[in-house]
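Please read the points below alongside the coordinates.

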Amino acid sequence: CEDAESSETRLRLCQELWDKIKTDTEVLQDELNRKILDSLLDFTRKCSSTRQNSDWASQMRASEIPTAALMLGVNIPDHDMTFQSLSDMLKQSVSPHVASVQAKECVALKHLMKKVLERLMDTVVVVDDEDEEENVETSPRVHRSVHCSLGILCDWYTARTKKSATDTPGKKRSSQVRDEQQQPPVVIIFKDLEAFNPRVLQDFILICSQYIDRLPLTFIFGIATSPSTIQHMLPHSVSSLLCIELFQSLSCTQHLATVIDKLILTSHIAFKLNGKVMQVLIGVFLYHDFSVRNVIKGLQLALLEHFHSQPLSVLCCKKKQALFNVTQLSKPNLDRIRQLSSFKRYVEKQEAQEQVNLMTDDSHLKEVCQQLIKDLHKYHKNYYPILRCLHTLTSSLPRYPLGKQIRELHLICLANNVWENEDYQSAMKLVKMLAKGELVSLLQKCVEILQLSKSRKMKNALVQLEALLARFKQLDSKLGLEMMIIKNLQKKTDLFQLQKTLLEMNESRRAKRLSPFENLRNEALELIDNLVKSHLFPPESQPLYEVCYYSSSATVRRHLNATPRTSIQAALSNPYHYLQNDSLKSEDGTVSNAAPDICIAYKLHLECGRLINLYDWLEAYSTVVLAAEGNDPDSEHFGKVDEVKHARFIRAVSELEFLGFIKSTKQKTDHVARLTWGGC
């Protein structure tokens with residue numbers, strides 16, 4: 001009963017955390033895409049208003065189809081969300097007539113025309129093809145079907161605009177505003193321009209250009225690679241019919257940096273990733289798909305795995321809730337806390353009597369755990385502001401000794417004590433070489449970071465840093481006063497004064513006294529160094545860190561970096577691994593007679609050479625299947641292949657060919673060639 005209650009609590013906490021992460025992600029993506037989406041909305045509005053002007057330049061421009069070339073980058077899995085937001089915003093504020101098409105559904109011109117008309121007119125479109133007519137007859141929609149023609153679309157658009165004109169209230173408006181409202185543009189979005197058949201696209205643009213005077217078309221091209229794609233796909237005779245304007249979206253690396261900064265490097269979300277798991281997610285991003293969406297899916301997977309595999313994840317929540325959950329911990333969970341490696345290290349540092357109390361007294365353990373949970377939350381509140389301050393000071397240094405992105409510095413801090421790193425020492429030396437203006441500017445940014453923190457220790461650090469900045473400003477005023485005195489002395493300089501000045505300069509060089517700026521700079525860097533050593537130690541040093549940190553990088557890698565061939569071979573060699581049927585259990589290297597046909601055929605094909613005789617293969621398969629059915633080997637009909645077994649064998653061979661294990665060959669009659677070697 002206690003385990004069931006704990007599971008329900010973990011499920012509820014996991015759902016709450018994911019809902020917060022999902023909401024924050026959607027808000028963040030809306031903010032990141034807002035600039036480019038607003039630019040596209042202004043573009044469509046401007047093109048719509050340009051058609052209403054009567055000057056010669058506007059008329060020449062009106063003969064072209066306005067086209068927005070939207071550069072989205074190669075992170076193709078993220079494009080769907082961007083286009084969905086764009087489509088929704090266009091329908092809300094610019095025009096209700098918006099259609100989105102993809103290359104995979106527009107392999108021919110008739111299919112492209114059909115999809116565009118169906119999505120604009122919300123009706124069934126008939127094309128001159130028997131198969132399409134059959135589809136129309138069996139379509140569940142009951143709208144009246146129309147023929148696939150842009151002329152039909154023009155008539156429909158004219159009827160719709162006239163209807164909207166008669167339905168509008170009779171208020172006095174300017175003619176331009178009235179025309180814009182009554183003649184909204186027809187927007188067609190090509191989500192993946194590179195994947196379209198160039199010939200299909202060219203023909204579609206040529207046809208649309210013939211109707212531009214009757215239909216206010218606007219195109220939006222989604223481009224993943226470069227703007228030159230349009231030149232490569234469209235000849236000049238076609239591209240000259242388009243009035244193209246280029247729009248550049250935020251790069252996927254900037255998007256990832258923002259997501260990590262807002263979702264991972266924050267104390268507002270209790271769930272954390274350790275360094276190895278973060279490296280897996282970032283590695284998938286950098287070396288596979290550049291998809292921020294997939295990184296968030298990986299974060300969701302880690303969250304689910306953490307709450308599923310770690311019973312103590314009931315403490316992975318806000319501080320107030322976590323402190324209450326500590327009081328509700330069951331005896332098994334308290335024993336699990338005692339088995340945590342971080343808690344064992346904590347117990348070893350205590351006195352003998354305290355160690356006995358922690359290992360035997362459950363009520364005392366709960367009190368100590370409450371304090372440790374408070375300390376863990378304080379650690380996170382202090383860690384992230386100091387991490388950002390250190391990144392601010394070092395991110396612009398030559399060769400980036402601590403990384404250019406804050407995630408690189410975070411990974412260094414998760415691995416070990418950052419101040420023991422040679423790169424940290426070299427970074428501090430480079431910071432000492434910064435000019436006064438640069439150093440003061442960076443320290444001012446650190447002040448702005450610390451001002452956002454409500455931690456008491458961060459407020460004390462803020463006071464000390466502000467005091468140093470005030471002394472830097474006083475140094476500037478003193479320096480200005482000294483310069484004025486020197487200028488006045490230069491006007492009345494005698495031999496005695498000159499000798500005195502030279503002696504003072506000589507003594508200062510011998511003593512190697514630091515200037516006031518150098519002393520102040522050293523104080524500032526010493527303050528930063530002390531803050532780093534006080535707050536940037538790895539999370540493994542914190543007792544009970546396991547309740548918040550997910551560390552199984554192998555599980556995440558196995559789920560995200562799929563190895564289909566290994567999985568297929570494992571399933572065919574050992575079907576029990578996936579089906580969990582007791583009748584399929586067998587010794588290593590063998591397959592049960594009751595295994596699926598494809599498993600039997602696969603195991604038999606492993607015993608063959610490069611070329612496999614189909615008849616011999618069929619005979620062996622039939623022998624195994626008959627043995628599984630319990631037939632007498634000495635009977636007269638044993639070994640004979642009936643039609644059903646023959647059909648089952650043909651199906652198994654066809655499936656193996658589809659999976660790529662064999663292929664047909666002309667080298668020998670009734671033989672197939674084996675393509676893979678070295679089974680599981």
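**Notes on the predicted model**

1. The cavity search returns five cavities of 30 Å³ or more. The largest cavity holds about 180 Å³ of space, and 14 residues line it. Closest to its centre are Asn33, Asn75, Asp78, Thr82 and His255. Please keep in mind throughout that this is a predicted model.

2. Which helices supply at least two residues each to the lining of the largest cavity? They are helix 1 (2-50), helix 3 (79-93) and helix 11 (252-264). Sorted by class, the lining of this cavity consists of five nonpolar, seven polar and two charged residues.

3. Threonine 82 deserves a separate entry. Threonine 82 belongs to helix 3 and is among the residues closest to the centre of the largest cavity. Its relative accessibility is 10%, so threonine 82 counts as buried, the cut-off being under 20%. Beyond its neighbours within four places in sequence, threonine 82 is in contact with Asn33, Leu37 and Leu72.

4. The largest pocket is a separate item, with a volume of about 1000 Å³. Its lining has 34 residues, and those closest to the pocket centre are Leu265, Thr266, Ser267, His268 and Ile269. Two or more lining residues come from each of helix 1, helix 11, helix 14 (319-327), helix 18 (362-394) and helix 21 (436-451). Helix 1 gives the largest share, eight residues. By class, the pocket lining has 13 nonpolar, eight polar and 13 charged residues.

5. Arginine 34 is a residue of helix 1. With a relative accessible area of 47%, arginine 34 is partly exposed, because that value falls between the 20% and 50% limits. The C-alpha atom of arginine 34 is 9.9 Å from that of serine 249, although the two residues are 215 residues apart along the chain.

6. Strand 2 (residues 98-101) is buried along both of its sides: Val98 and Ser100 point one way, Ala99 and Val101 point the other way, and all are buried. Strand 2 pairs with strand 5 (residues 186-190) in the parallel sense, over four bridges. Within strand 5, isoleucine 188 is the bridge partner of alanine 99.

7. Most residues other than glycine have a negative phi. Leucine 544 is not a glycine, yet its phi is positive, at about 70 degrees. Leucine 544 sits in the loop between helix 24 (516-535) and strand 9 (549-550). Is leucine 544 buried or exposed? At 0% relative accessibility, leucine 544 counts as buried.

8. Glutamine 580 is located in the loop between helix 27 (576-579) and helix 28 (597-605).

Technical notes:
Residues numbered from 1 in each chain as written. Predicted model: local features only at pLDDT ≥ 70, side-chain atom pairs only at ≥ 80, totals over all residues. Heavy atoms only, no water. 1 Å grid on protein atoms, 1.4 Å probe; cavity = no way out; pocket = protein on both sides within 12 Å on 5 of 7 lines; lining within 4 Å. Points joined across faces, edges and corners; volume = space filled by probe spheres on them. Nonpolar A, V, L, I, M, F, W, Y, C, P; charged D, E, K, R; others polar. Buried < 20%, exposed > 50% of the residue type's maximum accessible area, 1.4 Å probe, protein only. Contact = heavy atoms within 4.5 Å. Pairing = 2+ DSSP bridges.
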